[in-house]
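Dear colleague,

Please find the structure below, handed over for your use. A written account of the findings follows it.

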Amino acid sequence: MERSFEKYFRQNRLPHLWCPGCGNGIVMKAIVQAIEKKGLDQDKTVIVSGIGCSSRASGYMDFDTLHTAHGRAIPFATGIKLANPELNVIVITGDGDCTAIGGNHFIHGCRRNVDLTVVLFNNSIYGMTGGQASPMTPTHKKATTAPYGAIDRNFDACRLAEAAGATYVARSTAFHVQHLTDMIAGGIDNKGFSFIEAICQCPTSFGRKNKMADPAKMMMWMRDNAVMKAAWDKLPDDKKTEEKFPIGLFYNESETDYATAYNEVIQIAGGADK
Amino acid sequence: MSKARLMQGNEACVEGALAAGVRFFGGYPITPSTEIAEGMAKLLPTVGGKFVQMEDEIASMGVVLGASLAGKKAVTASSGPGISLKQELIGYAAAAEIPVVIVNVQRVGPSTGQPTAPSQGDVMQARWGTHGDHPMIALSPWSVREAFDTAVMAVNYSERFRTPVILLMDEIVGHLREKVELPEASAIEIYPRRKPTCSRAEGYQPFTPDKDLVPNTANFGEGYHIHVTGLIHDDTGFPIGSPKITREVTKRLHEKIDIARDEITHVEEYFMDDAEYAVVAFGGTARTAYEAVANARKKGIKVGMVRLITIWPFADKAIKKIAEKVKGILVAELNYGQLVGEVERVVAGKCPVELCAKYDMTIFEPAEIEAGIDELVAGGKA
Ligand SMILES: Cc1ncc(C[n+]2csc(CCOP(=O)(O)OP(=O)(O)O)c2C)c(N)n1
Ligand code: SF4
Ligand SMILES: [Mg+2]
């Protein structure tokens, strides 16, 4: 029996190239389930990705899809949305793609409040290039370029997005699939820059280096350490240990999105009927 | 009748792009190209188009490629350091066959160089400024009116060949003010966005080349569910690690431009009918070269000028023809010597080729090029 979400995949491009146990497939499926839930028109939805293991997802999804250059998905997506605001534009990016090489585009995308839904696949590592440290590799964790443990401090991409002006900010994990789907669906609903951090496992490049090579164990780590926002807010500080992190909707405010604001510019300039 | 207006080269470039159907611009300010961004910010919304100031030139390049994929004709403009930042995504446009125009109002480099001073030092960057094998079209205007005309041409070529086109201006023409009469809209030929020739059900593939070797790729949002990537891909648009496809795609990208080379390589000749010597120049420098040639003629030297409007692909045929008939060629360029290498390659020893180079942040004086002509006539440098 064909499951309802299967029509959103390019069956002839599968199986995917991800390692066994990789979390990317779970997050990709959560995205299409959010799309299905929101009833987005498949012909009017564009998936834009950067470069990385996670960014290969665009090729498997049956929409107009764009696999850009490393870090540049948000500028391309901005151009698509402004050129044709009737399109739903969803961005797939990795922790390195979004917060290292694409960091500047990320904060300015948030600031402009372009109506995009950005899903960051956070596996805490540069997966595709074989396990180098990213700006979201937690301090003290190991990577091929941090063989003695990272001394860099890591970004909290959600706090970064909120501070930069994103109008919808949420986090979930590959373990909490239903919750993740809901968080993405909420982002699609928000008419503005929506950012969803999806924590997912990379057993090959991150797990093996950090005594968590078993993908099931990595997911149990998510189960055991993720704390729903409402509970997190009540948690005393001494219980917020290094491994624990909040998930849920952190921020959602309605603000005029960029394309709508630009329509006013066109009105003022007298180009509305052109 | 359109009225004559006093305008700057950069402004004419904006007018030309709009006349050619451009409805999207993304940019970041940098002298001496800034007036193009400012002009676009002012005029685009008056025709229902959009302007966006991005956080840097990399983003500017990305945003115009996204807009183009979604169906809008799109332009970005920059200079020196900004063009260097755009390079990776210029290659993306070549690989993914996305129509786009990049205006480079050249200034003195390398690095921050001389920010407000004229130069023609980006001739080779225009040709090779991204990694890997790729073809390139670059046009260079010498007047304000021609800034308009080449802007139209650049947009048309980008659409026709689905390739990035560089409008290689220089500070001289960019900031030059002249009285110009722009053509009526009805007199301007516009190359429309190419359209898919069949439906998905009929087996549409977004990168199947047409007879002219250019694909009829759909825009996003038209129901074709296309995939666009900077990875080497076959007709389906999907990446494939095949030596055969890699070879075929690389070849086709070059050949789609090569087979139209005669048509897109524009060269103008002045005083060449009886010329025994020729000065080769382009852009703002050609204005001075023209005066130098006219002065030399008054002194009785049979010298003419060959002006390249199309810089890339290089005018092999025209230069070869001239090398057959003249006793010597002088290449005048505002750099340490870039185009001269191409002229030498094509002339291949048929006549002497001398370089008249200037790279001191000032424009040529006619006397400097005249001195070059005198040396050429006297049989080369002492
Ligand atoms: C300009 C540029 N620099 C470097 C690379 C090499 N590169 C490819 S993917 C990648 C890291 C990807 O990490 P991330 O964004 O976290 O994605 P993941 O593979 O973990 O999903 C790097 C450094 C590149 N493709 N382009
Ligand atoms: S390297 Fe990591 S992120 Fe990449 S496919 Fe393998 S498990 Fe997934
Ligand atoms: Mg990663």
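The notes below take up the sheets, the pockets and some backbone details in turn.

This is a predicted model, in which local features need pLDDT of at least 70 and side-chain atom pairs count only at pLDDT 80 or more, whereas totals for chains, interfaces and linings use all residues; side-chain values use heavy atoms, with hydrogens and water left out. Residues are numbered from 1 along each chain as its sequence is written, and chains are lettered from A and ligands numbered from 1 in the order in which they are written.

**The sheet that includes strands of both chains**

Helices (H or I, at least four residues) and strands (E, at least two) are DSSP runs, numbered from the N terminus. Two strands are taken to pair if DSSP finds at least two bridges between them. In general, strands of a sheet pair through backbone hydrogen bonds, either parallel or antiparallel.

Nine strands form an open sheet with mixed pairing, in the order β7(A)-β8(A)-β5(A)-β6(A)-β4(A)-β3(A)-β1(A)-β2(A)-β10(B). Its edge strands are β7 of chain A and β10 (227–229) of chain B, each of which pairs on one side only. From one strand to the next, the twist averages 20 degrees; axes are lines fitted to C-alpha atoms, for helices over the stretch in contact, and angles run from 0 to 180 degrees between N-to-C directions.

Within this sheet, β7 (residues 226–228) of chain A pairs with β8(A) in the parallel sense over three bridges, and Ala226(A) has Phe245(A) as its bridge partner in β8(A). Strand β5 (residues 168–173) of chain A runs antiparallel to β8(A), with four bridges between them. Here the partner of Ala170(A) in β8(A) is Leu249(A), and that of Tyr168(A) is Asn252(A). A right-handed β-α-β unit is made by β7(A), α9(A) and β8(A); a crossover is right-handed if, with the strands pointing away from the viewer, the path from the first strand over the helix to the second runs clockwise.

**The sheet of chain B**

A further open sheet, of five strands with mixed pairing, has the order β11-β13-β12-β15-β16 in chain B. Because β11 (267–270) and β16 (353–357) of chain B stand at the edges with a single partner strand each, one side of each is left without a neighbour in the sheet. The twist here averages 20 degrees from one strand to the next. Strands β12 (residues 277–282) and β13 (residues 303–308) of chain B run parallel and are joined by six bridges, with Val279(B) opposite Met305(B) in β13(B).

Helix α10 (residues 283–298) of chain B packs on the sheet, touching β11, β12, β13 and β15 (328–333) of chain B, and its direction makes about 170 degrees with that of β13(B). Contact means heavy atoms within 4.5 Å. Helix α13 (residues 366–377) of chain B lies across β12, β13, β15 and β16 of chain B, at about 155 degrees to β15(B).

**Pockets**

A pocket is an open set of points on a 1 Å grid over the protein atoms alone, where a 1.4 Å probe fits, with protein on both sides within 12 Å along at least five of seven lines; lining residues have an atom within 4 Å of a point. Grid points are joined across faces, edges and corners, and a volume is the space filled by probe spheres set on the points.

The largest pocket holds about 890 Å³ of space. Its lining has 35 residues, and those nearest its centre are Pro138(A), Asn154(A), Glu242(A), Lys244(A) and Phe245(A). The largest share of this lining, four residues, comes from α5(A).

The second largest pocket has a volume of about 520 Å³. It is lined by 26 residues, with Gly91(B), Ala95(B), His131(B), Gly230(B) and Leu231(B) nearest its centre.

**Backbone details in chain B**

Thr31(B) and Pro32(B) are joined by a cis peptide bond, with omega about 0 degrees; Pro32(B) is in the loop between β2 (22–27) and α2 (34–43) of chain B. Another cis peptide bond joins Trp312(B) and Pro313(B), with omega about -5 degrees. Arg162(B), a residue other than glycine, has a positive phi near 45 degrees.

With kind regards
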